[in-house]
Structures are given as structure tokens and as C-alpha cells.
Amino acid sequence: MPMYKRVANYLRGSVLCRVESPCPERVLNLCAVRKIPFWDLRWESELSFTMRLAAGVLPDLWQAAEQTGAQVELLEKQGAPFFLRQFRRRYALLLGFALFWLLLFGGNFFIWGFEVTGNDVVSTQTILRELEAYGITVGTSGFSIDQEDMRNHVLLKLPDVSWLAVNVRGCVAHVQVVERQRPPQTIRDEEICNVVAARAGLITKIQALDGEAKVSVGSTVTEGQLLISGVVDSPQSGVRLLHGLGEVWARTWHELSVAVPLTEQQRTGEGEVNRYYAVDIGKQRIKFYGKGSVTGGNCDKIIRYKPISLPGGFRLPLTVVVEEVTHWETTTWERTPEDAQREGEELLLRQLEEKLTDGGSITDTQFTAKQQGDFLLVTLQAECLEQIGETVTIAEMPGG
């Protein structure tokens, strides 16, 4: 049977009947005279057969059977009418079925989720916050977005974004961002500049490439002090304005401290894993657990979001949320003061190396440790050699 006929028979419904008669041929003749369509005729014996016919013509078969003294037994019902009839009194199921189609079609007229791409400098939260302030948020109609007007308002709030577009596909708003490419901040050669001290220190070497040195080797300087001036006295013109440039090396001193705990909790075993499920509909969350999945200090919590989509990528405004909480058994482990001091020293050295300017080096270190309750306070006093000269324009200096 062709596919289209199978679909048509399913939609209108069909029945399978057994007919038993002393003269079965008369039953088939009457079906032909009354134009009763049937198919799948199968003989069971000389006096009985089965056949399938449309559900709507079953009364006509009964009338033909009465005229010939035949008996009709209904064996099977198939098709959409019989399938839907069994849900007549199942109101909750019908409501869920109607809600499904409402979410499937009606939900895709509104925004239920966002995907932001193209942003590296500006955070996704900042972009979504400005869109929400403009009026584009969860529940907004996807047909009411005026792209030009949206850009005119939102881009004023996002100085690092040069272009923005919101394209709604299904129930997801795809936000495309193009960030502004700002050139690195540089000082032009024609600008009047000074070299000042980035931090305090004892001068060991001065290289004034342009401008006049205002300090000498062996001088002690403070942070922000003028080292090389771009304003130089000239016998001919009185004053020359230059682009102060150079390097000033100095011995510097740093003091850093860190508190290292003397006790540490270690996890034992594999941990007990509990999973909590919820469904997000827009901004509303329906939880399928009790008072919540509150975690303590000995727990790890991982939240996974799984948007629901139909085959073909058709997104539904529903997101399954799975919270996975792992509870750990812990034991307290006490470390020796020597181990704690060793860890603190390594941490302080890394911090000091990050503070040094390019090319700087550590020339001398001295560590001290003092126990304070359950912590060991480790202190580093270090002497370094680094380039402390920093080029600034005169306008950037105090009083400039």
C-alpha cells in the first residue's frame, strides 16, 4: 500500500473485522454494491475471513451482515481517532500535551536565552546588563528589536564596543560583538617628558639619553622624584624643551609578608556524590528537590546546564539544570614550622619577582618567621637591583 494511503488510513482510523457467514460471497458483493472500501482480505476458512476497513463505514458493514445472516466480530482498532480518544479524561496529560505545543511554537516568539560571541575585553555579564537596561531580556519578543535604535543606546554605555547586533533564532538571542581596537598608549617623540622614579631606591647608574639628569650616582630618591628633566636651561634661548629619555638603575628594598596555616585539611576517600535536578523556564527555576543544595566547606559543587532542543536544532525555552555536590571526608594534618616556612618563602619569592621591573634582579634576601596562633607569619626583606626610571609627560606630573 502506498505511503500516502497509509497516512490517510491512520488519520481517519481503521478497524480489523472477522466476518463469518454461510454465504461469505454475498457479504463481499453487498460491500461492493454499498461502496464499502476494504483491504487486507484474508480467508480463514470457507465460511469466515478477516478484512480491514475505515472506521466510518463500520455501520454499513453491520447492515450488510444483517441482510445475509452473517456475524461480524471487531478484532482491532487503529488510527489517530482511537489514540486520541483514550486521553479524553486524562486532563493532566492533555494539559501537558497542550503546554508542550505552546512552548514549542509560542515560546519561540520570545527570547529565552542568550549567546554572546566576539567579546574578549568586555565581559558577557556587562553586555547582557546593558541590553537588559535597554529592554532586551528574557521574555522579550524577538520581533520587537530595532537594531539601529538598540545600537544607538547600548553602544553609548559600552565604550570598548564598536558594533553590536542581536539576532534571534528560535528562542535564543545571538549577540554578536565587535570590540574597539585601541592602539597601545605611547608617548610621541615631540612631547615634553620627564623621567621620574617608579619607586624609592639608591641610584647606581644613570643613562640620560635626552634631557638633563637631576640626580647623581649614590643619591637616595623617593617614589615620583624627578630623575631626568625634559626642561633644560640654554644660554641661547633660555629654556629648551626636550623629550626626557633614559634609564636609571638603583638598589631597591622590598618587604613582603604572608601567613601560612600550620594545619591543613586533606580529603580522604572518593567522596559521596549527590545530584539535584531543576528546570529553568526563562528566569524562573522549578526545583525537584527539597530545601536546596547548600554546600559546606568540605563540598565541591558543579552546576551543568543542558538546553533542550528538538531534532534539527529547534531550541525549546527549557533548560535542565543538574547540580552535582560531592561531600568529602577530611582529616586534619599538621605541618611542621619548617615546612610552613619553606612554603611561605617560595610564595614570597614569586610575589617579589612579579613586582620587579623588566631586567631587575634579586641581590639579597632575608627571611624571618613568627608563629601567630595557628599561622606562621613569614616575612621577606630583600634587596634588588632594577631600573626605576619611568617616562611621563609634563602634563601628567603633579602641577603639570
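Colleague: Leaving aside its neighbours within four places in sequence, what is Val 27 in contact with?

Modeller: Val 27 is in contact with Val 19, Ser 21, Phe 49, Leu 61, Thr 68 and Ala 70, and these count as contacts because heavy atoms lie within 4.5 Å. This is a predicted model, in which local features need a pLDDT of at least 70 and side-chain atom pairs count only at pLDDT 80 or more, whereas totals for chains, interfaces and linings use all residues. Residues are numbered from 1 along each chain as its sequence is written, and side-chain values use heavy atoms, with hydrogens and water left out.

Colleague: Which residues of helix α2 are called buried?

Modeller: In helix α2, which spans residues 24–33, they are Pro 24, Val 27, Leu 28, Leu 30 and Cys 31; the word is used because each has under 20% relative accessible area, while exposed means over 50% and partly exposed lies in between, with a 1.4 Å probe and protein chains only. The helix itself is a DSSP run of H or I with at least four residues, just as a strand is a run of E with at least two, and both are numbered from the N terminus.

Colleague: What covers the buried residues of α2?

Modeller: The cover includes β1 (14–20), β2 (38–43), β3 (48–54) and α3 (58–68). After α2 comes Lys 35, with a positive phi near 55°.

Colleague: Which residues have the most contacts inside the largest nonpolar core?

Modeller: They are Val 27, Leu 53 and Leu 61, in a core of 17 residues, and it is called a nonpolar core because it is a set of buried Ala, Val, Leu, Ile, Met, Phe, Trp, Tyr and Cys residues joined through side-chain atoms within 4.5 Å. Two or more residues are given to this core by each of β1, α2, β3 and α3, and β3 supplies the largest share, 4 residues. Apart from it lies another core, of 16 residues, which includes Ile 145, Met 150, Ala 173 and Val 177.

Colleague: Why is one side of β2 and of β4 left without a neighbour in the sheet?

Modeller: The sheet is open, with 4 strands in the order β2-β3-β1-β4 and antiparallel pairing. Because β2 and β4 (71–78) stand at its edges, each has a single partner strand. The twist averages 20° from one strand to the next.

Colleague: What makes β1 and β3 a pair?

Modeller: They run antiparallel and are joined by 7 bridges, and since two strands pair if DSSP finds at least two bridges between them, the pairing follows. Within it, Leu 16 has Arg 52 of β3 as its bridge partner. Helix α2 packs on this sheet, touching β1, β2 and β3, and its direction makes about 175° with that of β2.

Colleague: Over how many bridges do β15 and β21 pair?

Modeller: Strand β15 and strand β21 (residues 375–387) pair in the antiparallel sense over 13 bridges, and Trp 249 stands opposite Gln 387 in β21. Strand β9 (residues 201–210) is likewise joined to β15 (residues 245–261), running antiparallel with 7 bridges, and there Ile 203 has Ala 250 as its bridge partner.

Key:
Axes fitted to C-alpha atoms, helices over the stretch in contact; angles between N-to-C directions.
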